[in-house]
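Please look through the sequence and the structure shown here before reading on. The report after them takes up a few features in turn.

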Amino acid sequence: MKKTAKRDLFPGALEMMILQTLRREPSHGYALVQHIRRTSHDLLQIEEGSLYPALQRLLKEGLVKAERGVSSTNRSVRIYRLTTAGAKHLEREVSSFARMLEGITHVLAPGES
Amino acid sequence: MNWLSQLFLRRRMYRELSEEIREHLEEMTDELVAGGMSKEEATHTARRAFGNVGLAEENARGVWRWVSIENFFADVRYGLRMLRRNPAFTALGLLTIAIGIGANAGVFSVVNSVLLKPLNYPNPQELVALHQIAPGAAGLADFRNGLLLSPSMYFTYAEQNRTFQSLGVWIPGTANVTGLAEPEQVRAVDVSDGVLQALGVPPALGRWFSQSDQIPNGAERVMLSYGYWQRRFGGDPAVVGRNVLVDSRSREIVGVMPQGFRFLDADFDLIVPLAFDRGKLILAGFGYHGIARFKPGVSIVEANADMTRMLPIWMDSWSNGPGTNPHIYETWKITPAIRPLKQEVLGNVSEVLWVVMATIGLVMMIACANVTNLLLVRVESRQQELAVRAALGAGRARIVRGLLVESVLLGLIGGALGVGVAYVGVRLLVASGPANLPRLSEISIDARTLGFALSLAVLSGLLFGLIPALKYAGPRTTLALQSAGRSISVSRERHRARNLLVISQMAIAVVLMVSAGLMIRTFQALRTVDPGFTGAPRLQLMRISIPDSLVAEPERVTRIQNAIVDKLQAIPGVKSAGFASEMPMEGFDSDWDAIYAQDKTYSDAEIPPLRLFKHISPGFFETAGTRIIAGRELTWTEVYGRRPVVMVSENLAREMWATPSAAIGKRLREFPSTPWYEVIGVVQDVRENGVQEKAPEIVYWSSWLGNSHDPGYAWRTVTFAIRSDRAGTQAFLDELRQAVWSVNSNVPLASVLTMQEVYDKSVARTSFTLVMLAIAGAMAMALGTIGIYGVISYTVSQRRREFGIRLALGAQRGDVLQMVLKQGARTALVGVAMGIATALGLSELMQSLLFGVSAQDPMTFAAVAALLIAVALLASYIPARRAVLVDPVVALRYE
């Protein structure tokens with residue numbers, strides 16, 4: 001059951017990116033994938049299928065809400081929206097990720113060890 | 001949203017999820033088409049980018065926890081469908097499991113009811129039997145009950161103890177009830193004050209005995225069992241206060257015990273108070289069973305210490321008469337060895353039951369191996385199906401779980417059938433009523449047994465499902481899809497699993513059949529033992545008691561007994577008749593004491609070994625078929641003249657005077673105060689305590705002892721033995737009764753049995769073990785043979801193509817046949833060797849059940865090994881011959 005995706009990312013990364021994207025503006029699944037791909041300059045190849053289990057997890061934990069809406073291409077879709085809890089969660093995750101990244105960068109930086 | 005409403009809304013959520021994903025794909029496709037791709041290409045690209053749609057959907061649903069439950073139900077439905085679709089496989093599997101679980105649940109219900117459940121008294125853990133041993137009293141070790149309590153011991157223990165709530169002594173016996181209908185001999189328990197209080201079961205009617213009922217020559221009272229109350233008084237509630245004639249004495253009924261109350265393990269009709277006359281008690285008289293209830297929190301160690309403390313008090317408080325040293329018993333080294341009452345009731349049956357339980361458990365393992373085999377074969381033919389499921393996105397865990405659910409379902413349905421099998425089996429067992437199995441009436445299938453059957457079903461389902469599941473749920477999907485439908489010769493790897501199963505089945509079958517074989521050999525050995533009597537089926541027995549309230553004078557007792565013997569001998573078809581205080585193996589409490597020989601010297605402190613005493617009539621040995629080794633039998637003239645003559649057993653004669661003939665004319669006595677008795681005859685040894693037990697040394701006294709100056713003592717309760725070809729027939733028994741009643745119409749008959757029945761009862765434990773192990777052995781043999789045959793023949797039939805190639809390439813039929821046989825033999829040999837090693841390791845556990853045969857008996861082992869190897873060879877030969885007789889061309893075209 002835990003085999004949610006062939007994730008090259010670390011656990012939680014996808015969720016973090018979804019939350020970040022939704023903070024900018026509420027959107028539906030397809031738009032989410034497109035946005036992540038675009039803003040990562042195609043560096044991150046997400047298997048689109050793994051998006052939906054991640055969205056369900058966020059829904060279950062109350063970090064996002066879903067409602068019926070209409071997309072920019074005039075389709076009836078489910079629009080996901082960040083909740084207050086989701087915003088707080090995202091803040092925590094981002095700062096802890098920043099610290100982790102900084103640490104890794106220090107270790108990997110040439111000549112500094 | 002709470003989880004409950006979520007659960008109800010889940011269908012909608014699922015629908016929405018599927019729709020969302022579908023729209024996602026559509027949107028992407030539309031975009032690609034807009035970018036200039038063809039519709040078809042766009043659909044494929046979108047799908048590829050998305051990945052496995054089904055899996056993504058499933059994983060998304062999996063976030064909410066109900067998925068596992070839903071999958072489980074889906075697996076159950078699928079499993080049931082698969083079972084229904086293969087009726088032959090399902091039937092065979094269910095049958096095997098039903099037999100296996102049925103046998104196990106049945107035996108477990110016996111173990112549970114007999115061994116595990118507490119006794120049916122309030123707070124049974126506080127109840128104990130006052131067992132004591134006396135290693136210093138030589139000869140006593142031959143007597144099964146250790147050192148029983150004397151009445152004086154009872155008074156000391158009851159009055160001086162610090163660890164018991166209540167304590168009493170009891171003795172089983174019989175009583176004659178007259179004045180109701182026909183004179184009747186009934187089962188009675190004589191109890192002292194404290195016994196009923198210890199057991200703690202209140203009467204259904206009236207009251208218990210009180211101390212005032214235990215006064216010698218006081219008011220005579222009696223209590224009834226529920227069964228006797230129903231049988232003789234029709235359950236009349238006004239029975240309390242009525243009088244009945246018990247042993248010709250009028251006794252007032254004071255109470256009725258409730259239904260289902262058993263005295264330890266005995267059914268009884270009457271409870272009679274013991275009324276000891278304190279003033280006349282001496283130290284000796286060790287004939288009473290002690291029973292007690294601990295004060296709360298007292299341990300056996302503390303109670304033993306308490307009894308040890310009281311023994312010197314006992315020796316100081318009483319004596320054996322003027323001029324005797326009460327502290328002589330210090331040389332006996334009397335040691336309390338209190339046992340839980342349950343242990344006393346169960347006796348030595350627990351080891352038998354555990355051996356049977358273990359054996360039946362092994363049968364279950366064989367059954368499991370068989371079902372595993374079936375499943376292995378079937379899962380192999382389902383490879384294609386499994387590969388398709390894997391290709392459609394089923395994870396390995398999901399497939400394994402599906403297969404396990406299927407096999408557990410098989411186990412559960414089989415288990416349910418098995419409970420039915422167990423129910424029938426237990427009913428049969430209780431109906432056939434093996435003697436010596438205590439608490440038989442309590443055996444039933446209860447919740448614990450059902451729980452046992454359930455866990456056994458689940459566990460075995462997992463066990464036999466796991467091997468095929470792990471083996472075939474692997475990721476070799478493409479391979480399986482390609483080769484599906486066309487099996488090449490079977491790979492070595494697939495062989496290995498099955499060979500391992502055959503080997504372990506063989507090994508377990510060896511263990512079971514060796515145990516069954518050893519029991520059969522034990523029974524044979526028992527049959528060849530000379531018990532000390534002959535022609536048991538033609539030896540009619542009946543027990544007659546003449547209480548002193550009916551006939552007071554010992555001489556008249558003897559004359560009545562003599563007259564009965566004469567009347568019996570006059571019945572047509574009777575060869576001879578006689579009587580003795582008890583027949584061998586009857587299990588009545590024996591009379592025993594030390595004897596002193598005239599030509600030996602004894603130091604003051606020395607008590608010679610205790611000997612079994614029996615009291616006999618003239619003609620008894622001739623009737624019983626006990627050989628006279630030297631000298632002659634007693635005569636009636638000697639009995640009436642109270643001549644000081646005595647007979648002894650061969651082992652006693654050899655021990656004291658080296659040869660039987662040397663014993664003739666020697667003299668012995670019981671007390672310094674009694675005259676010397678001259679040995680007039682030596683008879684062969686008799687297995688008094690059962691065929692398996694060593695023959696004890698016995699002194700045979702006349703049934704009427706004393707001298708011409710006093711009336712002496714006549715043995716009043718005796719077993720008459722009548723030698724006749726008509727023994728056991730109803731007409732004969734009627735004539736026996738008439739003969740007895742023509743002498744005295746107030747004398748009832750009891751224990752009307754043939755010697756064969758007494759003998760069978762004494763070997764009942766061995767026969768019970770034998771029957772159970774034989775059943776287990778037969779089941780192991782049948783299941784094992786089917787299993788071995790099935791696996792080998794399946795393997796051989798799988799190799800038809802290979803045989804065809806070999807034959808086409810010029811191999812001779814004989815060569816191929818030989819090859820198959822060699823492979824079969826090799827597997828069988830490995831299995832048998834492992835089985836023999838295991839059986840040798842376990843055989844010590846059985847030693848105590850065996851008699852006259854070593855637990856490593858080479859003959860049994862060899863026979864079992866030969867039999868199983870023959871079965872394995874036959875199982876290889878028949879299918880192999882069929883396979884090689886087929887035209888190679890046909891075999892190659894096959895499939």
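What follows is a short report on a predicted model, with headings for each topic.

## Two crossing helices in chain A

In chain A, helix H1 covers residues 13-24 and helix H2 covers residues 29-39, and the axes of these helices come within 10 Å and cross at roughly 100 degrees. Because crossing angles from 65 to 115 degrees count as roughly perpendicular, H1(A) is described as roughly perpendicular to H2(A).

The residues that meet can be named on each side: H1(A) brings A:Met17, A:Ile18, A:Thr21, A:Leu22 and A:Arg24, while H2(A) brings A:Leu32, A:His35 and A:Ile36. Sorted by class, the residues of this contact between H1(A) and H2(A) are 5 nonpolar, 2 polar and 1 charged.

## Where chain A and chain B meet

The contact between the chains involves 24 residues from chain A and 23 residues from chain B. Together the chains bury about 2300 Å² between them, and 52% of that area lies on carbon and sulfur atoms. Of the area that chain B buries against chain A, 26% is supplied by B:Glu20, B:His24 and B:Glu27, which is more than any other three residues supply.

Between chain B and chain A there are 2 salt bridges, and in a salt bridge between B:Glu20 and A:Arg78 the side chains meet at 3.2 Å, taken from N to O. Across the interface of chain B and chain A, 6 residue pairs are found in polar contact, with both residues at pLDDT 80 or more.

On the side of chain B that touches chain A, helix H1 (3-34), helix H2 (39-50) and helix H3 (53-63) of chain B each supply at least two residues, and the largest share, 12 residues, comes from H1(B). By class, this side of chain B has 10 nonpolar, 4 polar and 9 charged residues.

## Salt bridges in the whole structure

A search over all chains finds 36 salt bridges in the whole structure. In a salt bridge within chain A, the side chains of A:Arg57 and A:Glu15 meet at 3.0 Å, again from N to O. This pair links distant parts of the chain, since A:Arg57 lies in helix H3 (residues 51-60) of chain A and A:Glu15 lies in helix H1 of chain A, 42 residues apart.

How values were computed:
Residues are numbered from 1 along each chain as its sequence is written. Chains are lettered from A and ligands numbered from 1 in the order in which they are written. This is a predicted model: local features need pLDDT of at least 70, side-chain atom pairs count only at pLDDT 80 or more; totals for chains, interfaces and linings use all residues. Side-chain values use heavy atoms; hydrogens and water are left out. Axes are lines fitted to C-alpha atoms, for helices over the stretch in contact, and angles run from 0 to 180 degrees between N-to-C directions. Helices (H or I, at least four residues) and strands (E, at least two) are DSSP runs, numbered from the N terminus. Angles under 35 degrees count as roughly parallel, over 145 as roughly antiparallel, 65 to 115 as roughly perpendicular and the rest as oblique. Contact means heavy atoms within 4.5 Å. Ala, Val, Leu, Ile, Met, Phe, Trp, Tyr, Cys and Pro count as nonpolar, Asp, Glu, Lys and Arg as charged, and the others, Gly among them, as polar. Buried area is the accessible area (1.4 Å probe) that two parts lose on being put together, summed over both. A salt bridge is a side-chain nitrogen of Lys or Arg within 4 Å of a carboxyl oxygen of Asp or Glu. A polar contact is a pair of N or O atoms within 3.5 Å; within protein, one must be able to donate a hydrogen and the other to accept it, and residues adjacent in sequence count only if both atoms are side-chain atoms.
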